[in-house]
Amino acid sequence: MLNSINSRIIGLTIALLFTLGIVVTSFATLAFYHDKELIVAGNNASIAAFERQINTDIAELEKNALDLSVMGEVYFQKGKQLDVGEYFTQEILHNYPNSMGNGIYFKPYKVHADQRISCIHAVWEENREIGLLPSCQNSTFDYFGQHWYTEIIEDLNAGQHVSWVKPYRSTQLGILMTTVGAGIYDQNQLVGMATVDWEIGTILKAILQIKPTPNSFVLFADKVNNYVIATTEPGIDNNLIMGQSLDNIKWYSDQLKDGVSFDYQGVTYIPYIKQLNNGLFLIVNVPLFELFHNAVHHLSVLLSVLLICTLVIVSLLYIVLRRNINQPISTLTEIARRISQGDLDKDIQLDKPSELAQLASAFNKMKTDIKTQMIELARISNEKEKMASELAIAKNIQASALPTDFPQDNRFEVFASMTPARSVGGDFYDFFPIDENHYAFVMADVSGKGITAALYMMSAKTAIKNMLQAGYPLEEAINRANDSLCDNHAGGMFVTAFIGVLDLKTGQVQYINAGHCAPLVKKQTVYEEVNTNLNLVLGALPEHQYTSGSFMLEDNNRLFLYTDGVTEAQTKTMKMFGTERLQNALNKKNLSLAATLEQVHKSIKAFIKGAPQFDDITMMVIEFHQQK
């Protein structure tokens with residue numbers, strides 16, 4: 001029955017048609033389930049990307065408030081010069097363009113005994129210039145009765161590091177906004193706050209436009225304080241529900257889980273739940289039928305197209321097999337062998353049959369595309385190698401700028417380490433002799449990251465070292481170094497630094513603290529914080545006069561210096577490592593200098609539990625040996 005070529009071709013065609021039908025149906029079914037997974041993952045990814053962006057803005061605004069609070073403390077403790085406070089407030093706002101404005105607000109009669117109202121507030125004006133709030137300038141802004149002030153003060157008194165207030169509408173601008181605040185302290189006493197205003201109206205508009213399917217709806221709310229900010233649920237007036245309890249949302253419950261369907265008004269929904277870092281949350285509810293409607297339609301279209309294509313292919317195959325195509329196939333086989341061996345220069349010349357001629361044309365195009373892709377891949381590879389080389393050079397420059405040859409003198413020992421948050425960081429340390437009996441040490445932090453911060457770091461390091469080794473007294477040396485940095489101001493950057501000079505005979509440490517973390521001293525068995533005089537950061541204000549202080553080290557006393565990357569290391573829930581945990585880590589064992597720094601690193605790593613490192617971690621420890 002199948003002895004003839006024609007019958008064998010017919011039998012082969014039918015068998016192939018049946019087999020391809022099964023394969024196509026299986027493929028289409030698998031594609032359907034894959035489409036469902038992609039739809040769910042795609043919606044989740046797009047909403048998660050929106051969530052990450054908002055959380056990034058939240059973290060940046062909190063950093064803004066914390067930076068401003070540090071500047072507020074410097075302003076309060078160093079003479080309360082109004083022009084300095086205004087400069088700080090405007091300069092910090094310039095570095096954080098995403099905020100509406102920021103300010104420092106003091107408790108009654110804290111700045112001046114006869115002045116109840118004392119505030120400085122910088123705002124972005126319509127022309128994107130930075131101005132000052134007139135009611136703060138003329139002391140007429142009675143902010144003590146403002147709800148944001150009372151909420152933040154209450155949270156700060158309760159021990160919170162930063163505080164977010166409930167979203168509210170500005171009485172002056174009529175826009176939806178919120179405020180984050182951080183405390184300003186003097187001798188550990190709360191004297192005021194630094195605030196940053198954030199307009200959430202534009203974010204709210206973007207949230208309310210999230211609509212993966214026609215009948216999807218969104219809920220934006222505060223779970224902690226139990227109120228609704230906005231919703232697009234049909235049948236609910238958003239203006240009436242705003243600020244109301246979550247109990248008014250019939251479908252909502254605390255047991256609602258991300259990706260776990262629920263039924264509401266006869267419709268099954270899939271919720272996408274995203275928690276923001278300031279306590280707010282976002283829920284996007286998508287009808288299950290609409291979510292996979294496109295996948296069902298895609299399955300139908302794909303199955304139809306594949307079955308039609310199968311019929312066409314099998315029919316064409318039947319026609320081709322009926323003809324004598326041995327020579328064209330041999331020709332194509334030979335060309336394919338050459339391509340596999342890398343011969344991409346010779347074109348295929350084949351005119352008939354037409355199907356194989358088209359295949360030959362496709363081979364020619366494929367060869368051209370392969371050659372083009374190889375050239376493009378080579379170009380991209382060269383660019384990546386060049387970029388990697390430049391970053392490696394920058395990293396080597398930074399590493400070479402930090403001393404690693406730690407002196408082993410019978411009068412003192414030094415050990416230090418720096419772990420950057422990126423390939424190139426902004427922290428630095430230094431230690432060097434001034435004369436036979438005096439040794440200088442520096443711990444500093446540039447306000448930035450990356451290559452620019454590293455270059456500014458080198459300028460600061462060089463300026464400080466050159467002035468001290470030139471023989472200038474400490475105060476004059478730092479005054480000159482500050483003027484040099486101001487002359488080379490780099491886009492709003494400044495440097496916090498602790499500079500000390502150790503008298504190797506007496507153990508006296510003369511120092512200048514330019515807005516930096518106070519060091520810790522171990523005199524008996526535990527480390528305690530040194531109460532230092534706080535000066536203005538370096539590079540912020542030219543011709544500023546810095547004042548020094550001093551304290552004594554006795555035999556075998558240790559001095560520990562660090563940057564804020566140590567105490568401000570954060571978990572994924574934004575909890576900070578803090579000074580108390582640092583002291584606990586230092587006091588665990590009586591270790592060598594290197595082992596002491598390694599113990600702190602291990603404690604930080606165990607605390608953050610895999611959270612990313614947001615800031616450089618730099619430490620130095622010095623042990624003094626009194627000569628008998």
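**A loop and its surroundings**

Mentor: Asn188 is exposed, because its relative accessible area is 73%, and the cut-off for exposed is over 50%. Keep in mind from the start that this is a predicted model. Asn188 sits in the loop between S6 and S7. Gln187 belongs to that loop between S6 and S7 too. Gln187 has a relative accessibility of 57%, so it counts as exposed.

Now the backbone. Most residues other than glycine have a negative phi. Gln187 is not glycine, yet its phi is positive, near 55°. For Asn188, also a residue other than glycine, phi is positive and near 65°.

S7 supplies the largest share, 4 residues.

H4 brings us to another loop. Gly159 is placed between H4 and strand S4 (162–164). Its relative accessibility is 61%, so Gly159 counts as exposed. Gly159 is 24 residues from Gly183 in sequence, while their C-alpha atoms are 9.6 Å apart in space.

Rolling a probe the size of a water molecule over the atoms shows where empty space is left. The search of the whole structure finds 2 cavities of 30 Å³ or more. The largest cavity holds about 70 Å³ of space. Its lining has 11 residues, and Tyr87, Phe88, Glu91, Phe494 and Ala540 are those nearest the centre. Helix H2 (residues 82–95) gives the largest share of that lining, 4 residues.

Lys461 lies in helix H11. Its relative accessible area is 13%, so Lys461 is buried, the cut-off being under 20%. Leaving out residues up to four places away in sequence, Lys461 touches Ala401, Pro403, Phe428, Tyr429 and Asp430. Val442 is 19 residues from Lys461 in sequence, and their C-alpha atoms are 8.4 Å apart. Other buried residues in H11 include Ala453, Tyr456, Met457, Ile464 and Leu468. H11 runs over residues 450–469, and at 1.5 Å a residue its 20 residues should span 28 Å; the end C-alpha atoms are 29 Å apart, which agrees. After H11 comes Gly471, with a positive phi near 100°.

Asn479 is part of helix H12 (residues 474–487). With 12% relative accessibility, Asn479 counts as buried. Its contacts, not counting residues up to four places away in sequence, are His544, Gln545 and Tyr546.

The buried residues of H15 are Leu593, Thr596, Leu597, Gln599, Val600, Ser603, Ile604, Phe607 and Ile608. They cover an arc of only 155° around the axis, so they are on the same side of H15. Lys602, Lys605 and Ala606 are exposed on the other side. The buried residues pack against several elements, among them strand S13 (412–419), helix H14 (578–586) and strand S23 (617–624). Lys609 follows H15, and its phi is positive, near 50°.

Last, the chain as a whole. It has 15 helices and 23 strands. Of its 628 residues, 46% are buried. Among contacts with a separation of 6 or more, 64% join residues 24 or more positions apart. The accessible surface is about 32400 Å², and carbon and sulfur atoms account for 54% of it.

Key: Residues numbered from 1 in each chain as written. Predicted model: local features only at pLDDT ≥ 70, side-chain atom pairs only at ≥ 80, totals over all residues. Heavy atoms only, no water. Buried < 20%, exposed > 50% of the residue type's maximum accessible area, 1.4 Å probe, protein only. Helix = DSSP H or I, 4+ residues; strand = E, 2+ residues; numbered from the N terminus. Arc of directions from axis to C-beta. Contact = heavy atoms within 4.5 Å. Areas by Shrake-Rupley, 256 points an atom, 1.4 Å probe, with all protein chains shown as cover. 1 Å grid on protein atoms, 1.4 Å probe; cavity = no way out; pocket = protein on both sides within 12 Å on 5 of 7 lines; lining within 4 Å. Points joined across faces, edges and corners; volume = space filled by probe spheres on them. Expected span 1.5 Å × (residues − 1).
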